[in-house]
Amino acid sequence: MKATWSEVWPVVHAERATLVEDLSRISDDSWTTPSLCPGWTVHDVVAHLVDSARTTRLGFLRRMVVARFDFDRDNDSGIARAKCDNPGDTLEAMRAVVSSTRTPPANPATRLVEAFVHAEDIRRPLQINASYPTASVVTALEYQCRTTVSFGGGRERIEGLRLIATDADLATGPEKGEAVYGRAIDLLLVVSGRAVSEDALTGPGAALLASR
């Protein structure tokens, strides 16, 4: 089922607010911790979230022209703009955009992907546990499964595999594909190119998916 903005924004706003509260309790040193997002620290990921929440559809198009349509270059520029010298100031900037509905031109489900995946990029290295609304995580996972890697998804990563959520009514992929079992949030992370713990996924296709 396709996500709608009226369904997505309340979830995104709640997730942003919860993340801000979690980050308000971490030490100064924690901000330099490497995140699950390769090459980015916890501080970088938060700055990216701030930048994304400030970006309008028209502004995104202008930025892509400046970046010569290189998403990585644009992300690096966005982080540089939003990242303050003092992490506390970046956190306050995040707090200020909790209820923002600005967005680059994208499917509404991408905002769920961003909220959940980047939150775990931050929380897992800091050993902060969190629970997420399962139905919304499934929506994000389904979107990632049908979106190519070049557009930030993971369709190629799951080719020939059948993903089965252990905490939700979700089974996707060919019925005769090698099965991969895991919580929806863990499946979302690995489909999105993140590493998860060895015991997070089980089944005959688990090792193959993790290697991709």
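Modeller: Contact here means heavy atoms within 4.5 Å. The buried residues of helix H1 pack in this sense against helix H2 (42-54), helix H5 (87-96), helix H6 (109-126) and helix H7 (134-146). The model is predicted, so local features need pLDDT of at least 70 and side-chain atom pairs 80 or more, while totals for chains, interfaces and linings use all residues. Residues are numbered from 1 along each chain as its sequence is written, and side-chain values use heavy atoms, without hydrogens and water.

Colleague: What makes a stretch a helix or a strand here?

Modeller: Both are DSSP runs numbered from the N terminus: a helix (H or I) has at least four residues, a strand (E) at least two. H1 covers residues 5-23.

Colleague: Which residues of H1 are called buried?

Modeller: Among them are Val8, Trp9, His13, Arg16 and Leu23. Buried means under 20% relative accessible area, exposed over 50%, and partly exposed in between (1.4 Å probe, protein chains only).

Colleague: Why is H6 called largely enclosed?

Modeller: Because 16 of the 18 residues of H6 are buried. His118, which is in H6, has a relative accessible area of 10%, so His118 is buried. Leaving out residues up to four places away in sequence, His118 touches Trp40, Val45, His48, Leu49, Val113 and Arg194. Just after H6, Gln127 takes a positive phi of about 55 degrees.

Colleague: How are H6 and H7 placed, by the angle and distance of their axes?

Modeller: Their axes come within 9 Å and cross at roughly 110 degrees. That makes H6 roughly perpendicular to H7, a term for angles of 65 to 115 degrees. The axes are lines fitted to C-alpha atoms, for helices over the stretch in contact, with angles from 0 to 180 degrees between N-to-C directions. On the H6 side the contact includes Leu112, Val113 and Phe116, and on the H7 side Val137, Ala140 and Tyr143. By class, this contact has seven nonpolar, four polar and no charged residues.

Colleague: Why does one side of strands E2 and E3 lack a neighbour in the sheet?

Modeller: The open sheet has three strands in the order E2-E1-E3, with mixed pairing. E2 (171-172) and E3 (178-182) stand at the edges with a single partner strand each, so one side of each is left without a neighbour. Pairing requires at least two DSSP bridges. E1 (residues 161-165) and E3 have five and are parallel, with Leu161 opposite Glu178 and Arg162 opposite Ala179. E1 and E2 run antiparallel with two bridges, and a hairpin through five residues joins E1 to E2. Four of the five residues of E1 are buried, so E1 is largely enclosed by the rest of the structure. Helix H8 (residues 184-191) lies across E1 and E3, at about 145 degrees to E1.

Colleague: What makes Ala200 count as buried?

Modeller: The relative accessibility of Ala200 is 14%, so Ala200 counts as buried. Ala200 is found in the loop between H8 and helix H9 (206-211). Not counting residues up to four places away in sequence, Ala200 touches Tyr181, Gly182, Arg183 and Asp186.

Key:
The expected span of a helix is 1.5 Å times one less than its number of residues. Angles under 35 degrees count as roughly parallel, over 145 as roughly antiparallel, 65 to 115 as roughly perpendicular and the rest as oblique. Ala, Val, Leu, Ile, Met, Phe, Trp, Tyr, Cys and Pro count as nonpolar, Asp, Glu, Lys and Arg as charged, and the others, Gly among them, as polar.
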